[in-house]
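Student: Could we go through this structure together? I would like to begin with the charged side chains.

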Amino acid sequence: MYFLATETVQTVSESIEKVQPIDLWVPDYNLRAPRSLFQSELARSTNMTLAVLAVSRPLAPNIEVYASTDALKVMASEPAVWVFNHMDFSDPLVVGAMAHRLGLMLPRFAAMAELFRADNPQLANFTASVGGFPLDRELLRAGNKSAVVQLFRVTDYILSELEESLVLFPEGGIHKKPSDYKNKISAITDTAMRIARRNKVPLMVGGLAGTRMLALKMPFPPNRRKVGIALRCVYGHDELPK
């Protein structure tokens, strides 16, 4: 559901021409100033956020958090880039429920652009109202300049102007995981590290376990299972490789 740009973005004119951008619910999204977007289309709705948290309340008692003191200190005191592995559409909900349970400010999150299509403005408005913003992974992979620039403008605004944390899922998709999947992130992209470095904020690396098909199993007690979140590794912006 949530995607990040690939490790190396190369501008290849032929590739760009072949990629068809998603028709977003906000015309000329990549040309809009972040301040304007976050004061209108990307504004978080307090009522909608509280409603979603209420729906997720049955999940909260089943979240087991394994956190280092350093990770909790960073998450509670300053904006940071939080990166997690990605297993299910419910992953952002789980991270949000965890943050709410720990008394942390709710983070923003990158969501696939398909959730923000112009032909489904209701879904787009809902996703934006709970903290999401669109990421057109195909344009980013093709090196589309306006998409790449807007990604950094938006993430800069979240971290440095709004002073809110940012959730990214660098694995890019909830594809089927192998049987020996370790429930931890396989790789941190250069893009995630660059976002942290340019905003001089820490990078917190987390792991999710037990979220696969969670939305279907959560409401039914016989099927309810524990969800694990590990918050262990924190890197200062000056510790990240360039």
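Student: Is R35 buried, partly exposed or exposed?

Tutor: In this predicted model, R35 has a relative accessible area of 44%, so R35 counts as partly exposed.

Student: Which side chain does R35 meet in a salt bridge?

Tutor: R35 forms a salt bridge with E161, with an N to O distance of 3.9 Å. R35 belongs to helix α2 and E161 to helix α8, so this pair ties together parts that lie 126 residues apart in sequence.

Student: And E161, is it buried, partly exposed or exposed?

Tutor: E161 is partly exposed, at 49% relative accessibility.

Student: How many salt bridges does the count come to?

Tutor: The count comes to seven salt bridges. One of them joins the side chains of D156 and R198, at 2.7 Å from N to O. D156 lies in helix α8 and R198 in helix α9 (residues 190–199), so the pair connects parts 42 residues apart in sequence.

Student: How accessible are D156 and R198?

Tutor: D156 has a relative accessible area of 17% and is buried, whereas R198, at 41%, is partly exposed.

Student: Where do E138 and R141 lie?

Tutor: Both are in helix α7, three residues apart, which is about one turn of the helix. E138 is partly exposed at 35% relative accessible area, and R141 is partly exposed at 36%.

Student: Which residues are linked in a network of salt bridges?

Tutor: A network of salt bridges links R44, R108 and E164.

Student: What about D136, which has no salt bridge? Which side chain of opposite charge is nearest?

Tutor: The nearest one is that of R137, 6.1 Å away. A salt bridge requires a side-chain nitrogen within 4 Å of a carboxyl oxygen.

Student: Where is D136 found, and what does its side chain reach?

Tutor: D136 is in the loop between β4 (132–135) and α7 (137–141). Its side chain reaches the backbone nitrogen of I22 at 3.2 Å. With neighbours within four places in sequence left aside, D136 is in contact with P21, I22 and A113.

Student: Let us turn to the rings. How many aromatic pairs are there?

Tutor: The count comes to four aromatic pairs. One of them is W25 with F116: the ring centres are 5.0 Å apart and the planes stand at 45°, so this pair is tilted. W25 is in the loop between α1 (13–18) and α2 (34–38), and F116 is in the loop between β3 (108–112) and α6 (121–129), so the pair ties together parts 91 residues apart in sequence.

Student: How are the rings of F38 and Y157 arranged?

Tutor: Their centres lie 5.4 Å apart and their planes are at 20°, so the pair is stacked. This pair links distant parts of the chain, with F38 in helix α2 and Y157 in helix α8 (residues 145–161), 119 residues apart. F38 counts as buried at 8% relative accessibility, and Y157 is buried at 11%.

Student: Which residues do ring pairs link into a cluster?

Tutor: The cluster consists of W25, Y29 and F116, linked by ring pairs.

Student: What lies over the face of F152?

Tutor: R194 lies over that face, at 4.3 Å from the ring centre of F152.

Student: One last topic, helix α5. How many of its residues are buried?

Tutor: Helix α5 (residues 91–101) is mostly covered, with eight of its 11 residues buried.

Student: Which ones are the buried residues of α5?

Tutor: They are D91, P92, V94, V95, G96, A97, M98 and A99.

Student: And what is the phi of G103, which follows α5?

Tutor: The phi of G103 is positive, near 75°.

Notes: Residues numbered from 1 in each chain as written. Predicted model: local features only at pLDDT ≥ 70, side-chain atom pairs only at ≥ 80, totals over all residues. Heavy atoms only, no water. Phe/Tyr/Trp six-rings, centres within 6.5 Å; stacked < 30°, edge-to-face > 60°. Helix = DSSP H or I, 4+ residues; strand = E, 2+ residues; numbered from the N terminus. Buried < 20%, exposed > 50% of the residue type's maximum accessible area, 1.4 Å probe, protein only. Lys NZ or Arg CZ within 6 Å of the ring centre and 35° of its normal. Lys, Arg positive; Asp, Glu negative; His and termini not counted. Polar contact = N/O pair within 3.5 Å; in protein donor to acceptor, adjacent residues only side chain to side chain. Contact = heavy atoms within 4.5 Å.
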